[in-house]
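Here's a fold to walk through, strand by strand and helix by helix. Have the viewer open and follow along.

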Amino acid sequence: MTSPVRVAVLGCADIAVRRMLPAMVASADVDLVAVASRDPAKADGVARRFGCAAAHGYEALLARDDVDAVYVPLPAALHDVWVEAALRAGKHVLAEKPLTTRHERTERLLRLARARGLALVENVLFVHHGQHAAVRALLRDGRIGEPRSLHAAFAVPARPDDDIRYRAALGGGALWDVGVYPVRAALHLLGPGLEVVGAVLTCDAGREVDTSGAALLRDGAGTAAQLTFGIGHAYRSAYELRGTEGRITVDRAFTPPADHRSVLRVENGSHVQEITLAPEDQVAAAVAAFAAAVRQGGTPSTETVLEQASLLDAIRRSAVRER
C-alpha cells in the first residue's frame, strides 16, 4: 500500500479533537474518512470541522468499506470491546493508552491482531519524540557512567468534576491516565525485566478512583525507578537519570508542544552541558508510524506493550491505598 491510509475515528474525545485529528488532516500518510459518535450532533460538528463524513454510532463506522483503519480514543474501559470489534471487522487499530486495563486482555487482542495480519498500536506519543532517542544515545556513550536510578513524574491539574477520568466504570484514575507515562518511560530508558517493589495509590475525598500515586520499580541489576503521577497537582512532566558519574535531566518530557526546543541537561560533577534539540512534532510522528505499520500489514513488536500492561497490573495489585 502506497496511497494514504484511510482512517476513521471511534469517538470525539478531547485528545482526538485537540491533537490527533489535526495531525491526521495534516498528514500525507493518512486520509481522514469519517468520525463517529453516539451523539449525532457531536459527530456532525466534528466532521464539519475536519472535513470528513459523520457516522452516527460506532457500528455504522466499522461497517464502512472505505475505511482501512480506526483510531479509538474512547475511555479506557471501552477499549476491550471496540478494539476487538474493529479487528473482527478487518480494520487496523490505533488505540489510546492504555490499550486495555487488564494484561490478559491486552495479550488476547494482540494475538487476535497478529492472527488477522492487522496492525494494533497503542498510542503512546512521547516515545516518538527524538529527545528520548538522544537520551538513550547518551546512556550508551557512558556520559553518566552506569545508570543507578530513574526519577520520572507526570502530573496534571484537577479536571472538572464530571470528567471521565474520575469515573471508575470507564477506567478512570490517575494510574491509567497519567501513570502510564512514567511506567513507559522506565521501560523505554531502562529496558525490559523491571519488577514492582512497592506502590501507593491515593484517592482524594469524594472520588471513586485513584487521583495520585507512586511506584518503585527495579531491574535485575538493582537500578531503581521512582515514579510519581497524579491528577490535581501542579503540572509536572519530567525525568532524571542518575548514574555513577553524572545525571541527565529532561523537562517537558511527555507532552512537549510541536514548536518546543527540548533541552537535555547533562551534569558531570561541576561540569554542566545543555544540549538543545530542534523542535519535533511527536503527534505527527506517531501518525506516520501508525500508517507505516498498516502498510507493513502487521502489529509492530509487542513486548514493551505487554510488559507495560503487566507492570500496571502489578502496581494496582500491590499498591497500598490511601484516602
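Contact here means heavy atoms within 4.5 Å. Keep in mind that this is a predicted model, where local features need pLDDT of at least 70, side-chain atom pairs count only at pLDDT 80 or more, and totals for chains, interfaces and linings use all residues. Residues are numbered from 1 along each chain as its sequence is written, and side-chain values use heavy atoms, with hydrogens and water left out.

Let's begin with strand S5, residues 92-96. Helices (H or I, at least four residues) and strands (E, at least two) are DSSP runs, numbered from the N terminus. Buried means under 20% relative accessible area, exposed over 50%, and partly exposed in between, using a 1.4 Å probe and protein chains only. Since 5 of the 5 residues of S5 are buried, the strand is largely enclosed by the rest of the structure. Both of its faces are covered: His 92, Leu 94 and Glu 96 sit on one side, with Val 93 and Ala 95 on the other.

What flanks S5? Strand S4 (residues 69-72) runs parallel to S5 and is joined to it by 4 bridges, with Val 70 opposite Val 93. Strand S6 (residues 120-123) is also parallel to S5, again through 4 bridges, and there Glu 122 is the bridge partner of Ala 95. Two strands count as paired if DSSP finds at least two bridges between them.

S4, helix H4 (residues 79-88) and S5 make a right-handed β-α-β unit, and S5, helix H5 (residues 103-116) and S6 make another right-handed one. Right-handed means that, with the strands pointing away from the viewer, the path from the first strand over the helix to the second runs clockwise.

Thr 302 counts as buried because its relative accessibility is 11%. Leaving aside residues up to four places away in sequence, Thr 302 touches Leu 110 and Arg 114.

Then there's an open sheet of 9 strands with mixed pairing, in the order S14-S13-S12-S11-S7-S10-S9-S8-S15. Strand S14 (271-276) and strand S15 (320-322) are the edges, each pairing on one side only. Within the sheet, S12 (residues 247-251) and S13 (residues 263-268) run antiparallel and share 4 bridges, with Thr 249 opposite Arg 265.
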